[in-house]
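Biologist: I have a few things to ask about this one. Can you put it up?

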Amino acid sequence: MRSTLTELGAELALYSIDAVSDMIIWLDEDGFYVFVNKAATEFLGFTSQELSQLRVCDIDPDFDEVRWKDHWKELEIKQSVCLETTNRNKSGQIIPIEVNASLVQFEGKKFNCSIVRNISERKRTEASLLALNKQIYLLSITDDLTQIANRRYFDEVFKRELQRALEQNIPFSLVLIDVDYFKAFNDLYGHIQGDHCLKRVAATISALIQSTNELAARYGGEEFVCILPGMSPNNVLIFGERLRQAIQDLAIPHNGSSFGTITVSIGVSTLEIASNISTENLLFEADQHLYRAKANGRNRVEGKSGR
């Protein structure tokens, strides 16, 4: 009875090798295919005879001679290794796989015995989740109306970039922008036109941002702010004037303004030499310059560079 069960077990073991959906692949020390099951031939599109003439480096575009040797050394040390890589099937399609490799000795020789699984679906799910998380993050840092950065993201970048400027001893500037007589604009033209106006102003500000370290954000209501690290104090004032002119050139009619069109008042604050200054102090100074721009007739840039 025991002998019969042993024979049955051996038959079932042989049958299961081709019955399982995972690939079973044996490789020798040089990376040649020694044995593959039915799932492997179906997955790769090669016959077992064709694979016997190939090495893993021929099938796996992520493996070259150096990586294979490193992999074999790691396998000898750890005895088993789990990794993700890719295989190119006979038709040229590259497919992501998960490999659970074990070092096996058979008749005095060492082999890499691997259980290989197609993880295409998992990778698609991971990519979808990554894209979804990225979309959620972008929504969380973007102002709903104007589609530029929101106040939350401004606060985050402001602290980070100011610290970087202090560490690297580079200039750091804030530009506060306020749409002149915006309440009167809303009263005259309605909130829908008011929203449209803010969108155009935001797009104009954003278009002037050049560096990845720079940022344009909606600060609140009809106020906007720009972070300009590394820009010289004189160039920041030039930036402010270009921005003021660009918004005036939009020529958005505003009969409630003495200028006849939408304009902005701008306050500029520049930290030129590294010092122990807080975000609150720099914001306060920019706000004071913005207040002066309004007090001096609006549609102008005010600022004091250097510290």
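Biologist: Where is Arg 244 placed?

Modeller: Arg 244 sits in helix α10, which covers residues 233–248. Keep in mind that this is a predicted model.

Biologist: Is Arg 244 buried or exposed?

Modeller: Buried, because its relative accessibility is 9% and the cut-off for buried is under 20%.

Biologist: What does Arg 244 touch, leaving out residues up to four places away in sequence?

Modeller: Val 264, Ile 266, Asn 299, Arg 300 and Val 301. There is also a polar contact of 2.9 Å between the side chains of Arg 244 and Gln 245.

Biologist: Now Glu 98. Which strand is Glu 98 in?

Modeller: Glu 98 belongs to strand β4, residues 94–106. With a relative accessible area of 15%, Glu 98 is buried.

Biologist: Which side chain makes a polar contact with the side chain of Glu 98?

Modeller: That of Arg 122, at 3.0 Å.

Biologist: Changing topic to helix packing. At what angle do α8 and α9 pack?

Modeller: About 135 degrees, and their axes are 7 Å apart. Helix α8 is residues 182–189 and helix α9 is residues 191–207. The two are therefore oblique to each other.

Biologist: Why oblique and not antiparallel?

Modeller: Because roughly antiparallel takes an angle over 145 degrees, and α8 and α9 are at about 135 degrees.

Biologist: Which residues meet between α8 and α9?

Modeller: From α8, Phe 182, Phe 185, Asn 186 and Tyr 189; from α9, His 191, Gln 193, Gly 194, Cys 197 and Leu 198. Sorted by class, that contact has 5 nonpolar, 4 polar and no charged residues.

Biologist: And how do α7 and α11 pack?

Modeller: Helix α7 (residues 151–168) and helix α11 (residues 279–295) are at about 110 degrees, with an axis distance of 11 Å. They are therefore roughly perpendicular to each other.

Biologist: What residues make up the contact of α7 with α11?

Modeller: Phe 154, Phe 158, Lys 159 and Leu 162 on the α7 side, and Thr 279, Leu 282 and Leu 283 on the α11 side. By class the contact holds 5 nonpolar, 1 polar and 1 charged residues.

Biologist: You listed Cys 197 in α9. How many disulfides does the structure hold?

Modeller: It holds 0. For Cys 197, the closest cysteine sulfur is in Cys 226, 16 Å away, which is too far for a bond. Cys 226 is in no disulfide either, and its nearest cysteine sulfur is that of Cys 197.

Biologist: Are those two cysteines buried or exposed?

Modeller: Cys 197 is buried at 1% relative accessibility, and Cys 226 is buried at 0%.

Biologist: On to loops. Where is Phe 32 found?

Modeller: In the loop between β1 (23–27) and β2 (33–36). Phe 32 is partly exposed, at a relative accessible area of 31%.

Biologist: What is Phe 32 in contact with, neighbours within four places aside?

Modeller: Trp 26, Leu 27, Ser 52, Gln 53, Leu 54 and Arg 55. Cys 57 is 25 residues from Phe 32 along the chain, and their C-alpha atoms are separated by 8.8 Å.

Biologist: Last topic, backbone angles. What is phi of Gln 147?

Modeller: Near 65 degrees, a positive value in a residue other than glycine. Gln 147 is in the loop between α6 (120–140) and α7, and at 56% relative accessibility it counts as exposed.

Biologist: And what about phi of Asn 169?

Modeller: Asn 169 is not a glycine, but its phi is positive, about 55 degrees. Asn 169 is in the loop between α7 and β6 (172–179).

Biologist: Why does Asn 169 count as partly exposed?

Modeller: Because its relative accessibility is 49%, and exposed needs over 50%.

Conventions. Residues are numbered from 1 along each chain as its sequence is written. This is a predicted model: local features need pLDDT of at least 70, side-chain atom pairs count only at pLDDT 80 or more; totals for chains, interfaces and linings use all residues. Side-chain values use heavy atoms; hydrogens and water are left out. Axes are lines fitted to C-alpha atoms, for helices over the stretch in contact, and angles run from 0 to 180 degrees between N-to-C directions. Helices (H or I, at least four residues) and strands (E, at least two) are DSSP runs, numbered from the N terminus. Angles under 35 degrees count as roughly parallel, over 145 as roughly antiparallel, 65 to 115 as roughly perpendicular and the rest as oblique. Contact means heavy atoms within 4.5 Å. Ala, Val, Leu, Ile, Met, Phe, Trp, Tyr, Cys and Pro count as nonpolar, Asp, Glu, Lys and Arg as charged, and the others, Gly among them, as polar. Buried means under 20% relative accessible area, exposed over 50%, partly exposed in between (1.4 Å probe, protein chains only). A disulfide is a pair of cysteine sulfur atoms within 2.5 Å. A polar contact is a pair of N or O atoms within 3.5 Å; within protein, one must be able to donate a hydrogen and the other to accept it, and residues adjacent in sequence count only if both atoms are side-chain atoms.
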